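Subject: Structure for you to look at

Hello,

Here is the structure I said I would pass on. Please open it next to this email and follow along.

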Amino acid sequence: MTDLHRGVADPVMDTMNFLNEVTLHHPEAISFGPGRPHEDFFDTEQIFAHVRRFLDHLAAQGRSPAEVRSAMCQYGPSAGLIRELVADSLRVDEDIDVPAESVVVTVGCQEAMFLALRALISGPDDVLLVSSPCYVGITGAARLLDAEVVAVEERADGLSCADVEAAVLAERLRGRRPRALYVIPDHSNPSGVTMPLETRRELLALADRFDLYILEDSPYRLVSPGARVPALKALDRGRRVIHLGSYAKSLFPGARVGYAVADQTVSRADGTTGLLADELAKIKSMITVNTSPLSQAAVAGALLASRGRVSELTEEAAAHYGRTMRAALRALEREFPAERRSRLGVSWNAPGGGFFLTLRVAFRADDAALGRSARDFGVIWTPMSHFHPDGGGDHTIRLSTSYLTHADVEEGLRRLADFIESEVAAAQRRGC
């Protein structure tokens with residue numbers, strides 16, 4: 001291991017494998033671990049219909065059969081085949097008005113993160129700020145790129161712009177350049193928190209003031225019920241936001257299609273200018289070369305079928321996820337009435353959408369505790385400590401509700417309550 005890149009030995013790299021192993025070793029347990037969409041909203045035959053619709057679309061544009069064949073069977077442009085359709089969809093669904101040339105179609109959102117970091121982090125003094133707790137994919141990508149990560153701890157109601165400003169100033173005093181801030185502003189993974197509109201406006205003003213870019217990753221917007229707060233990119237007038245998107249939750253993860261919107265202007269040494277998207281496409285050409293045309297065709301067909309309004313395709317799923325989240329919150333209220341809640345030191349947040357909520361407990365909710373929970377009580381959850389780059393979250397767990405039935409949610413939370421009761425009793429016997 002000492003001969004390999006230090007990133008592969010970072011604990012963050014083991015997070016997903018660890019959680020998968022717990023699930024495999026305890027298949028009978030009810031799992032609140034995976035943040036995956038529910039499979040009842042997938043239709044295998046529809047994939048073929050989507051691909052055929054896109055092929056017909058290419059033909060209707062005047063492409064010959066040979067050109068259509070080449071589009072599907074050859075490598076294709078690194079920036080993507082379906083940039084226009086993605087840009088149109090963002091315009092009608094999210095009020096994000098950007099040229100198609102500013103879109104780069106990626107292999108999932110993870111690649112979009114990697115491309116953005118590789119482009120922005122240009123030297124050893126450049127720093128990536130992350131809202132903490134944060135999605136492990138961004139910290140993992142940063143570790144592999146030797147990018148320094150500085151965590152800005154969320155408060156109970158989410159990220160504070162005052163804390164972001166303090167972190168920026170502290171890094172500047174150390175002689176380093178805060179380059180970008182990564183956030184999931186809507187129903188965040190893992191905390192479930194949504195950033196208020198006023199905070200979004202304040203954050204954009206802060207980014208302008210400190211020459212900071214915002215990496216906006218928001219995969220849960222279109223699978224959550226109710227009115228949506230405008231995306232940061234929709235509010236972005238200074239081109240400070242690089243919007244990172246994915247069709248994993250809204251369509252299906254197997255497509256592995258995401259995108260980056262990078263409409264920032266780049267001034268080149270020869271005096272010409274271009275878009276940051278052009279530079280991301282160059283980097284992509286040296287990593288995955290291009291995103292699978294077949295995957296792009298399946299996504300494009302769905303966009304064509306909905307006239308770009310993915311929110312219409314996800315309306316039923318969003319309602320389902322909302323009902324499941326509310327069922328979980330009701331079950332928590334039932335399992336932990338006020339007296340028991342106080343006695344056990346339990347509290348939780350109440351997201352209005354998304355896949356996740358967080359629950360605070362009085363004992364150390366680490367990997368060992370998860371093992372006892374899975375083995376002895378048949379319920380799996382995720383320790384929040386995995387999502388804190390600088391440590392923390394030791395007494396908090398993440399619960400994902402997206403993949404479970406209402407019956408499993410109720411039974412799983414009953415088991416979780418029994419586990420918490422057992423852990424608190426054991427701590428009291430030890431005199432902790």
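Predicted model: local features only at pLDDT ≥ 70, side-chain atom pairs only at ≥ 80, totals over all residues.

**The cavities**

The volume of the largest cavity is about 180 Å³. Helix H4 (83-94) and strand S7 (241-246) each give at least two residues to its lining. By type, that lining has 7 nonpolar, 6 polar and 3 charged residues.

The second largest cavity holds about 150 Å³ of space. It has 19 lining residues, and Ser131, Glu154, Leu159, Ile184 and Met195 are the closest to its centre. Here the division is 11 nonpolar, 6 polar and 2 charged. In total, the structure has 2 cavities of 30 Å³ or more.

**The sheet**

In what order do the 7 strands of the open sheet lie? The order is S2-S8-S7-S6-S5-S3-S4, and the pairing is mixed. From one strand to the next, the twist averages 20 degrees. As background, strands of a sheet pair through backbone hydrogen bonds, either parallel or antiparallel.

With strand S6 (residues 213-217), S7 pairs in the parallel sense over 4 bridges. On that side, Ile214 stands opposite Val241 in S7. With strand S8 (residues 258-261), S7 pairs in the antiparallel sense, also over 4 bridges. Across from Gly245 is Tyr259 in S8, and across from His243 is Val261 in S8.

Is S7 enclosed or open to the outside? Because 6 of its 6 residues are buried, S7 is largely enclosed by the rest of the structure. Val241, His243 and Gly245 point one way from the strand, while Ile242, Leu244 and Ser246 point the other way, and all are buried.

**The largest pocket**

The largest pocket contains about 1200 Å³ of space. Its lining has 46 residues, of which Met16, Gly35, Tyr135, Asn189 and Lys249 are the closest to its centre. Helix H1 (15-25), helix H5 (108-120) and helix H6 (136-144) each supply at least two lining residues. H5 provides the largest share, with 6 residues. The lining of the pocket divides into 27 nonpolar, 12 polar and 7 charged residues.

**The cysteines**

A disulfide is a covalent bond between the sulfur atoms of two cysteines. How many disulfides does the count come to? The count is 0, with a cut-off of 2.5 Å between the sulfur atoms. For Cys109, the closest cysteine sulfur is in Cys134, 13 Å away, so the two are too far apart for a bond. For Cys161, the closest cysteine sulfur is also in Cys134, but at 17 Å, which is again too far for a bond. Cys109 counts as buried because its relative accessibility is 8%, under the 20% cut-off. Cys161 is buried too, with a relative accessible area of 5%.

Regards

Definitions and conventions:
Residues numbered from 1 in each chain as written. Heavy atoms only, no water. 1 Å grid on protein atoms, 1.4 Å probe; cavity = no way out; pocket = protein on both sides within 12 Å on 5 of 7 lines; lining within 4 Å. Points joined across faces, edges and corners; volume = space filled by probe spheres on them. Nonpolar A, V, L, I, M, F, W, Y, C, P; charged D, E, K, R; others polar. Pairing = 2+ DSSP bridges. Axes fitted to C-alpha atoms, helices over the stretch in contact; angles between N-to-C directions. Buried < 20%, exposed > 50% of the residue type's maximum accessible area, 1.4 Å probe, protein only.
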